[in-house]
Amino acid sequence: MNVTINQKGHAYEVVLEGRLDTTTAPKFQEDITPLMQVSKAEIIVDCAKLEYTSSQGLRLFLMLQKSVLKNGGSLVMKNMSAAVKEVFDITGFSNIITIQ
Amino acid sequence: MEHSNTHGLDLHCQLILEEYRDMQPVFATMKEVVLTELQKCLSRFNILVTAVEARIKSEDSLVGKLQLKGHKYRTLGDLTDIMGARIITFYSDEVDKIAALMEDLFEIDRENSVDKRKMHELNSFGYMSLHYICRIPRKLYHDPAHPEINEYRFELQMRTALQHVWANINHDTGYKSGVEVPVEHLRNLTRLAGMLELADDEFSRIRRQITDYRRRVQTLVSSGNFDEVGLNGDTFRSYLAIHPFERLTNRIAAINQAEVMQDAPLGYLKVLQGLGFKTLGDVEKLKHDYSEAAYQLALHQLGGTDLDIISSSLALQDLCIAYLIQNGYGEKDLAQFFEAIQGPGPYNQARAQRIIQLAAELQWPTQQQNHG
């Protein structure tokens, strides 16, 4: 899986590409860890090319959101495919994470 | 330190002014100690106030006072307001509560402390605060090099936000006592003071009523008398605190041995009210009547996956979905439900379509109703 992070001031665009599963989750966690320390980060996660997320991916999204909110920032996920959105819906994560 | 007498003060007052100048570091320390101790005390007792402030009387103000009534003071120590602190509360009943704490914190000079709240005459205007004259006790702070810190007195005012507004406006009129106020203005000022005092009392009364109401709701919820409890923000929050959907959540979690992430689904209140639910009893009925369908829905959706994490709000989400479909609500209504819970977006319509298809596969009964 590829993770690209583009920054403009407080705004961060996280572009995900590929499958987020047990194999790729550790690398993803490593990539997003610096974002968890940023104050007032406004993060948009672009999921247009995210093919799948496992439970491990959900845990990491939630962890990222908790840190970002704690630091006074915001997190929005957008452009999800139907398959990825389905994972958020049937686990109730659509209720927790902002999806546009 | 020598200063020239530029204020027309007599020698006696000039000496008081000299002492005031020399003691500036002492008063600065007193100010810091008092502010710190006040904040620590309020924080320890979880009392929220609008402001805690302190100031040292300006030289101009002191000179003015000495020019007017300097003969009344033998030394600087006779002036009790060189350092002044103020606590501004939200509610009038908190003034008494804070006063009791201050009596423990500082040494109170009772003879010179005034409860101006009790000084009103029938024909007076006034709406004032509680003033304590205090000293910093040695147990609180002591510096052997500056014993004056425990000797000089300071004034501590405790008042509500409205009393503070009144005091400031009153000060702005330039009148310090009712006697000086022209008769034509006295009535209006008295009316205004009465209105503010009434507002202060009402705020306290309303807060007590809300607190009582919340206690009653918690009792009713804990005792399971749900039909007697109206559905609103307070009651729904109390209801969620007893984890009403835990059993269903655990049942759903057991499908994949999932971890449950706790989430308070307060956003569902609006939806439940929109569906016409009036009491917590109605929500209990939803849980009673639709838990099996909600479980079947979750089983169908999660059963074929390896997803082993769910949100605790999933149970209520699936209960609502089951209720909507089995009561004849259509695809459009379902999409509106998702929009109400998760916000507008391109996904809601497609998700509603999938759920309707799934309901057909599950052969859920539907009532032929038009909720248009």
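Q: In what order do the 4 strands of the open sheet in chain A stand?
A: Strands of a sheet pair through backbone hydrogen bonds, either parallel or antiparallel. In this predicted model, the order in chain A is E1-E2-E3-E4, with mixed pairing. Strands are DSSP runs (E, at least two residues), helices likewise (H or I, at least four), numbered from the N terminus; two strands pair if DSSP finds at least two bridges between them.

Q: Why is one side of strand E1 and of strand E4 of chain A left without a neighbour in the sheet?
A: E1 (2-8) and E4 (74-78) of chain A are at the edges and each has a single partner strand, so one side of each lacks a neighbour in the sheet.

Q: In which sense do E1(A) and E2(A) pair?
A: They pair in the antiparallel sense over 7 bridges, E2(A) being residues 11-20. Within E2(A), Glu13(A) is the residue opposite Asn6(A).

Q: Which helix packs on the sheet?
A: Helix H2 (55-70) of chain A does, touching E2, E3 (42-53) and E4 of chain A. Its direction makes about 145 degrees with that of E4(A). Axes here are lines fitted to C-alpha atoms, for helices over the stretch in contact, and angles run from 0 to 180 degrees between N-to-C directions. Contact means C-beta atoms, placed from the backbone, within 7 Å.

Q: How is Gln7(A) classed by its C-beta neighbours?
A: A residue is buried with 20 or more other C-beta atoms within 10 Å of its own, exposed with 12 or fewer, and partly exposed in between, the C-beta atoms being placed from the backbone. Gln7(A), in strand E1 of chain A, has 13 such neighbours and therefore counts as partly exposed.

Q: How many residues does each chain give to the contact?
A: Chain B gives 19 residues and chain A gives 17.

Q: Which residues touch the most other members of the largest nonpolar core?
A: In soluble globular proteins, nonpolar side chains tend to be buried together. A nonpolar core is a set of buried Ala, Val, Leu, Ile, Met, Phe, Trp, Tyr and Cys residues joined through C-beta atoms within 7 Å. Here the largest has 68 residues, and those touching the most other members are Ala294(B), Ala315(B), Leu319(B), Cys320(B), Ala322(B) and Leu324(B). H11(B) supplies its largest share, 10 residues.

Q: How are the names and cut-offs set?
A: Residues are numbered from 1 along each chain as its sequence is written, and chains are lettered from A and ligands numbered from 1 in the order written. Local features need pLDDT of at least 70 and side-chain atom pairs count only at pLDDT 80 or more, while totals for chains, interfaces and linings use all residues.

Terms used
Two residues are in contact if their C-beta atoms, placed from the backbone, lie within 7 Å.
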